[in-house]
Amino acid sequence: MGHSIRTFRLIAAPVAILSFGASWAFQEKPQITGVGPSPNATASSAPLTSVPPSPIAASRMGLNVVVLDPSHGGVDLGARGTEGIHESEVVLQFSDQLKRALEGQGFQVLTTREGNDNPSFDDRSARANAQRGAVFVTLHIGSTGLPGTVRTYVMPDFPPSDDVSGLIPWDRAQATFTELSRKLGSLVQAELAKRFKGSPPSAQTAPVRQLRTTAAPAIAVEIASVSVENRAELDRMIPGVAEAIAHGVAAFRPSYILPAKPGTTSGPGNPP
Ligand SMILES: [Zn+2]
């Protein structure tokens, strides 16, 4: 993924709190305090934080929205190959094709960036956390791995929390989703393994920074690798990877039943 150091870096601002009891969704996005503006803090990242959940999506009970995260961007080029291949560029093309494949499966698709900017990890998570009934897929081109293979990563389980308030800190947003994320990851990886020989048969766990703050079933998909001799080798893989992910997410759809909103009664499509 080209950013192993950042993957393990703790963020400085676990100040936003969300409650899964009174309100399922995040109450606010995290405000980063005590640090200067990020080198990539441009106006382009601001609109990501103020997108309200779609009323249509919120009124339905299941998975409707897929948030795609083309990783890196801006001054962060991600993994770099000897042939001038930059992860941050390839994942944008990857995201465009995956968006179309998912729309073909009937999903609404949002992206964390459209151009060469670099929203913060928290801004990217906030994009998913503002949605009800979303899954999150962060896209990477690795610097390691057998070229021509694809791997899916999910977060390992979190250590138990001693917090009795019922509030979930931003930094543990993924904690209650790890089982669903594993389910999503295994469905996606099974599709990838069918199409890309040599890929692992199942999803792997890794403490991927971007997944940790995401309050939704969330996976990282990494194509190997930037070390191919010609970028065309990656370009040729992308349609098949997109199709595999779209099929995997569609297969996951029946597994994702959202908790009922407080005050609602169970009924068809809204089991207790
Ligand atoms: Zn990466």
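Biologist: Which strands does helix α3 lie across?

Modeller: In this predicted model, helix α3, residues 87-104, lies across β2, β3, β4 and β8. Its direction makes about 140 degrees with β4, which spans residues 134-142.

Biologist: And which strands does α7 touch?

Modeller: Helix α7, residues 231-252, packs on the sheet and touches β2, β4, β5 and β8. The angle between the directions of α7 and β8 is about 155 degrees.

Biologist: At what angle do α3 and α7 cross?

Modeller: Their axes cross at roughly 35 degrees and come within 9 Å. The crossing is right-handed. On the α3 side the residues that meet α7 include Val90, Phe94, Leu98 and Leu102, and on the α7 side they include Leu234, Ile238, Val241 and Ile245.

Biologist: What is the strand order in the sheet?

Modeller: The order is β3-β2-β4-β8-β5-β7, an open sheet of six strands with mixed pairing. β3 (108-111) and β7 (204-205) are the edge strands, each pairing on one side only.

Biologist: How many bridges does β4 make with β2, and how many with β8?

Modeller: β4 pairs with β2 over six bridges in the parallel sense, and with β8 over seven bridges, also in the parallel sense. As examples, Asp69 has Thr138 of β4 as its bridge partner, and His140 has Glu222 of β8.

Biologist: Is β4 enclosed or open to the outside?

Modeller: β4 is largely enclosed by the rest of the structure, because nine of its nine residues are buried. Both faces are covered. One side carries Ala134, Phe136, Thr138, His140 and Gly142, and the other carries Val135, Val137, Leu139 and Ile141.

Biologist: Where does the antiparallel part come in?

Modeller: Strand β5, residues 150-154, runs antiparallel to β8, residues 218-224, and four bridges join the two. Within that pair, Val150 is bridged to Ile223 of β8.

Biologist: Back to the helices. How do α5 and α7 cross?

Modeller: The axes of α5, residues 178-195, and α7 come within 8 Å and cross at roughly 140 degrees. α5 is therefore oblique to α7.

Biologist: Why oblique and not antiparallel?

Modeller: Only angles over 145 degrees count as roughly antiparallel, so the crossing at roughly 140 degrees is classed as oblique. Its hand is right-handed.

Biologist: Which residues meet there?

Modeller: From α5, they are Leu180, Lys183, Leu184, Leu187, Val188, Glu191, Leu192 and Arg195. Their counterparts in α7 include Gly240, Ala244, Gly248 and Phe252.

Biologist: Let us pick Leu187. What does it touch?

Modeller: Leaving aside residues up to four places away in sequence, Leu187 touches Gly248, Ala251 and Phe252. Leu187 and Phe252 are 65 residues apart in sequence, yet their C-alpha atoms are 6.8 Å apart in space.

Biologist: Is Leu187 buried or partly exposed?

Modeller: Leu187 is partly exposed, because its relative accessible area is 22% and buried requires under 20%.

Biologist: And α4, is that helix covered or exposed?

Modeller: Helix α4, residues 121-129, is mostly covered, with nine of its nine residues buried. Among them are Phe121, Asp122, Asp123, Arg124 and Arg127.

Biologist: Changing topic: where is the cis peptide bond?

Modeller: The cis bond joins Ala224 and Ser225, with omega about -10 degrees. Ser225 is placed in the loop between β8 and α7. Most peptide bonds are trans.

Biologist: Which residue other than glycine has a positive phi?

Modeller: His72 has one, with phi near 60 degrees. Most residues other than glycine have a negative phi. His72 lies in the loop between β2 and α3 and counts as buried, because its relative accessibility is 4%.

Biologist: Does Asn64 count as buried or exposed?

Modeller: Asn64 counts as buried, because its relative accessibility is 10%.

How values were computed
Residues are numbered from 1 along each chain as its sequence is written. This is a predicted model: local features need pLDDT of at least 70, side-chain atom pairs count only at pLDDT 80 or more; totals for chains, interfaces and linings use all residues. Side-chain values use heavy atoms; hydrogens and water are left out. Buried means under 20% relative accessible area, exposed over 50%, partly exposed in between (1.4 Å probe, protein chains only). Two strands pair if DSSP finds at least two bridges between them. Contact means heavy atoms within 4.5 Å. Axes are lines fitted to C-alpha atoms, for helices over the stretch in contact, and angles run from 0 to 180 degrees between N-to-C directions. Angles under 35 degrees count as roughly parallel, over 145 as roughly antiparallel, 65 to 115 as roughly perpendicular and the rest as oblique. A crossing is left-handed if the near helix is turned anticlockwise from the far one by less than a right angle, and right-handed if clockwise.
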